[in-house]
Amino acid sequence: MKAINWLTSLFSFLFLSTTLLSTAQSMPDEAITGSVKGVVLDGTLNEPIPYATVVINDSANQVVTGGITNDDGSFILEKIPEGNYTFKVQFIGYETYTKAITINRTNRDWNLGTLKIAAIASELDEVNIVAERTTIEQQIDRKVINVGKDLTTAGATASDIMNNIPSVSVDQQSGALTLRGNSNVRVMVDGKLSNIPAAQLLKQIPSTSIKKIELITNPSAKYNPEGMSGIINIVLHKNVNIGFNGDVNVGLSYEKHPKFNSGMNLNYRNGKFNLYANYSNNFSLNQNYGNIYRPNDGSRQLFNFLDDSKSHLLKTGLDFYLNDKNTLSFFTSQNWYAGSTTGDIGILYPSADRNQTQLFKSVNDNTSGQYNFDYKLAFDKEGHNIELEVDHNIYSGNEDADFKFTGASPIDNYMDFVDTERDRTTVNLDYVNPLAEDAKLEAGLQAILFNTDIDYASTGKSYNSQGVLVPTRSTQFEYSRNIYSAYLTYGKTFEKWSYQMGARLENVNVKADTNTVRAFTNDYIQVYPSAYLTYNPSEKNQYQVSYSRRVDRPGVGQVNPIRQWSTPLLTNYGNVDLEPQFTNSIELNYTHKLEKGSVTGGVFYRIIQDEINQAVFVDRFNLDKSVLTFDNFDNTSAYGFELSSNYKPFEWWSFNASFDIYNQTQKGISEVLDPSTSNPTADDILLVTREVDNTAYNVRMSNNFTVTQKFTLSAFGFYRGSNEGLQFKSKPMYFVNVGARYELWDGKGTFSLNYNDIFNTMRARFTATYPYEQIGQFNWESQTIFVGLNYRFGDSQYRAKRRKQRDANEKSGGGVF
């Protein structure tokens, strides 16, 4: 509801201020002599209310000037002509505060101090009020997508709706997430990282539980600097009403196999306690199939996979309000996942005696737990506080994979066993001090202690350095990374300008051991500066330029030397010697407020040092097989342009549209067989350093149609242009989804029906040249019908404490750590 309140208050203020902007500007300078300032708080919780509208009305009830409160609830109105006025504070769900003031020679500057406004219980049920349409707003360091009912109908889970978000894409086969075409992005939920792999996590979060999605593409020095393309923070609805409240939701998708998810959120708030519990699950069967053709030898690979996954996610927490200045919070989340993948890969040659098939079954079970403690101390001055947070994550997983071969395969049947244990502890100490009404200082310390142990055993055989098949060696890989950092930021606002500057100092210690032998160490100290400059020439226009330095530390999946997956013609390993890559990023954004919406445009440019990317080699013992790994390369660059808009041309029709185009130069290593040799051997392998200049674009448009007060329709279209990477060149892709929603039980329930990919056009088509010429296509269950039901219940008196959000991230490869 905060997002709806913010937008409604802002648009109300824009309407009021615009009507008399020319009048205010035409007044003579000598008549502008007064000012009014103060701080607006929730009358019950004594918490700041940001984005509340503050206005000055004259005796004819006409607006003279106005504004909105800052994040700490503070405001200041200046250049008020002499006269008698009515001062008002307005915010949806709160009673209007009014006060008569007089600006004259003896009373020119009014300090109203702390203004506590009371909530109107009947209007403040945050859980029950969900916007019909999704809106987009540009904040100082992030783009915020406020999720409406039109977007939640796009699918049952967070993974289903991500392709509807500007600049974001999800690979429907692997679940891999990219931001601005780059996979170096971290996913958080309510500002917290999880040990749950990102693809798995997104499928466990019901779409109806999402309040907003934040795209933090150029984070300030206050935030952990990991992740080149930035951070995606999923903010869930908080049932923050007094008394007992909750909601339940169920969803079912189907094309060839069923996909079911459900969830329940319960909350009880009374006096100094706020107790909550959230549970969600996901049970799904997903089929993927495809083929790859190699013209050089006429071979065709046929793939068929069936994924069966079951997951449960439980979160419970307690907020304890000791008094107005001290708050304690605890929560724990527990995850249980059981999944299996069965499939076969057939390889057909023109000569049938070379045909072979790989049958496999992989069983993957994992559990994870998160334990969080938070203590906040508020000082006498508004917005002046210090906060301590400790977050501990543990993860335990095991995978058993059974591989069987028929036909001309040179490999005997075998099994792989992988056990993974990892833990991460994060400690944050943050201090905020508003030095003045227009200036703020923030400082903090952070420690991140991360460890992972991976044990691998196999019943199979592998080639040794002499090309002889010997029993595969068991491997124990231990990897630790400890990060100690401190940050300082300072921000100031004056008239139409505001700026923020900061820097973060980090000391990093990395150790990697393979079979108890030290394989790699890396200790380094780095400084990460950031700067923002914002200019608001009018209420309808905002310009912003920002700079930050960031780092992409190799993920465990990229440094793990253990074989992670294998097909008859492709094997994947990590590179234990990988070093981090560093990025200097510059962005320029512009936002224009329209009478019925807004438009946001932006450009970005990145300089990337020691780029981490793929390296593809030819297997020396099977020249038809490739080995995929990672390496560091020379410096490169990336740049792009984004444009998004939300608009409501009529009362019955609103839409969101976005367009983004980006270019990135990628460098990588690949090997090819000498084409001049008819019967090549390992001596005929040539090393090729590839450089790909890739330009890609995406177009999205979401439409929402109001048929009646309770019945709405939606239509969403998406087009992704061709995309070239180091290994594959992807062809264009597009789809169209349609949906309907109907409100039930006096607005407490919502029934949703959606038909995805109505033209059945979603498929991944690609070509490749290195290391072999290839043409391929993969399909999945995209033409699904989704049915969902959500019901909300309980009291409707507002509201509990809002926990702060924090972010950190790591480079992709091996999930979220």
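This is a predicted model: local features need pLDDT of at least 70, side-chain atom pairs count only at pLDDT 80 or more; totals for chains, interfaces and linings use all residues.

Student: How far is asparagine 622 from alanine 682?

Tutor: In space, 9.0 Å from C-alpha to C-alpha, while in sequence asparagine 622 and alanine 682 are 60 residues apart.

Student: Switching to charges. Which residues form the negative surface patch?

Tutor: Asp365, Asp400, Asp419, Glu421, Asp453 and Asp455 make up that patch.

Student: And which strands each supply at least two residues of the negative patch?

Tutor: Strand 22 (414-436) and strand 23 (439-458) do.

Student: Where's aspartate 365, then?

Tutor: Aspartate 365 is in strand 20 (residues 356-378). It counts as partly exposed because its relative accessibility is 32%.

Student: OK, on to the inside. Which residues of the largest nonpolar core touch the most other members?

Tutor: Ile454, Phe477, Tyr479 and Ala512, out of 23 residues in that core. At least two residues of this core come from each of strand 23, strand 26 (475-494), strand 27 (497-514), strand 28 (517-538) and helix 6 (556-559).

Student: Which element gives the largest share of this core?

Tutor: Strand 23, with four residues. Strand 23 also supplies at least two residues of the negative patch.

Definitions and conventions:
Residues are numbered from 1 along each chain as its sequence is written. Side-chain values use heavy atoms; hydrogens and water are left out. Patches are made of residues with over 30% relative accessible area and no salt bridge: like charges are joined within 9 Å, nonpolar side chains (Val, Leu, Ile, Met, Phe, Trp, Tyr) within 5 Å. Accessible areas come from the Shrake-Rupley method with a 1.4 Å probe; for residues, only the protein chains shown count as cover. A salt bridge is a side-chain nitrogen of Lys or Arg within 4 Å of a carboxyl oxygen of Asp or Glu. Lys and Arg count as positive and Asp and Glu as negative; His and the chain ends are not counted. The place of a charge is taken as NZ of Lys, CZ of Arg, CG of Asp or CD of Glu. Buried means under 20% relative accessible area, exposed over 50%, partly exposed in between (1.4 Å probe, protein chains only). A nonpolar core is a set of buried Ala, Val, Leu, Ile, Met, Phe, Trp, Tyr and Cys residues joined through side-chain atoms within 4.5 Å.
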